[in-house]
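Please keep the sequence and the model at hand while reading.

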Amino acid sequence: MNFAVQKAFNTPLINLGWMADEKEVALLVPSRVQSPSSITTYKKCPRKYFYSYIEELPSKPSIHQLRGSVVHAVLDKFFATNVQGVSQDNAVNFFRNAVQDLLVSEWKSAQPKMHELGVVEADEMRFFEETLLMVFNWLEGFFVRFSAESGSVQDVFHRLTPLRELSYVSDEHWVRGIIDVIEQHGAETRVMDYKTSNHSNVDEYKLQLAIYSLLFFEKHKKLPDRAGIYFLKDNTTKFVSVDHELLDFAKREIELIHQNTFSKEKKFYPKHISSLCKWSTGQCDFYDVCVKDV
Ligand code: SF4
């Protein structure tokens, strides 16, 4: 990675509780390459960011995170399916079987980690059925696009196959992101992310989509036409408006996180006590450390 451009921030430092002198400001360079995930963690709880990204304390994935990884792998591998010999008559069944087989295979791979988490069989079964419904819902949307196209199964499948899991890094802004899919809908380019969460509020993901749009813009010198989320549980697709205001929003948030995470001292990362600390079925990864900490 080329980080030759080390950006020195000359704006006043905010939310740090201290002011650097001019010399310190001139020497400031971001402490790390940020991501939508690290920025979101900081915004939810600066102390959690400290434990996770500065102290690098180990964290266990939750069943929800494991399920998210399984679904991402299934939808990624789906587009690598060998469709030779598939005809229009058996295409629907073929794709249903393909997605189901992929889910079973990915689920089996994730099972040891689920068992480590102590997920009981009844809960695992419930999660599996819910996940199967998610990928089948997504497949229905794929079929809508598929049936609107003309040509052989192979040609259409090839045409609808998006770019996947693309890693972008901005040397200028010290931020990176992995974009789930970049799709072409006619002349329209869409930057899309899959979510398996219970809620489908696209505004919660505005920052992530803004950063993806910024990364896309920097690399391709044009804005994506649309940026949105496939909410797989609700089977809805939602978008944010993509314009230069969105990019400015991303730039402001990125600059703020670099400013706020310059120090490695814990005192600059206050706890934000909220329902995310402990809830009925789980707790923050760092709860046990955090409750004993000042
Ligand atoms: S337990 Fe709460 S306050 Fe502590 S790090 Fe986690 S979210 Fe933040």
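The model described here is predicted. Lys221, which lies in the loop between α8 (206-220) and β4 (226-231), has 7 C-beta neighbours inside 10 Å and therefore counts as exposed. The backbone of Lys221 has a phi near 60°, a positive value in a residue other than glycine.

Asn235, found in the loop between β4 and β5 (236-240), likewise is not a glycine and has a positive phi, of about 55°.

## A position in helix α5

Helix α5 covers residues 91-116 and includes Ser105. Ser105 has 13 C-beta neighbours inside 10 Å, so it counts as partly exposed. Although Ser105 and Val74 are 31 residues apart along the chain, their C-alpha atoms are separated by 8.9 Å.

## The five-stranded sheet

The strands β1-β2-β3-β4-β5 form, in that order, an open sheet of 5 strands with mixed pairing. At the edges stand β1 (163-170) and β5, and because each has a single partner strand, one side of each is left without a neighbour in the sheet. On average, and with direction ignored, neighbouring strands of this sheet are turned by 40° against each other.

Within the sheet, strand β2 (residues 175-185) and strand β3 (residues 188-195) run antiparallel and are joined by 5 bridges. Gln184 stands opposite Thr189, the latter in β3.

## The shell around the ligand

Which residues come nearest to the ligand? Of the 13 residues around the ligand, they are Cys45, Lys271, Cys277, Cys284 and Cys290. The elements that contribute two or more residues to this shell are α3 (46-54) and α10 (287-292), and it is α3 that provides the largest share, with 3 residues.

When the residues of the shell around the ligand are sorted by class, 9 are nonpolar, 1 is polar and 3 are charged.

Notes. Residues numbered from 1 in each chain as written. Predicted model: local features only at pLDDT ≥ 70, side-chain atom pairs only at ≥ 80, totals over all residues. Helix = DSSP H or I, 4+ residues; strand = E, 2+ residues; numbered from the N terminus. Buried ≥ 20, exposed ≤ 12 C-beta atoms within 10 Å, placed from the backbone. Pairing = 2+ DSSP bridges. Axes fitted to C-alpha atoms, helices over the stretch in contact; angles between N-to-C directions. Near = placed C-beta within 6 Å. Nonpolar A, V, L, I, M, F, W, Y, C, P; charged D, E, K, R; others polar.
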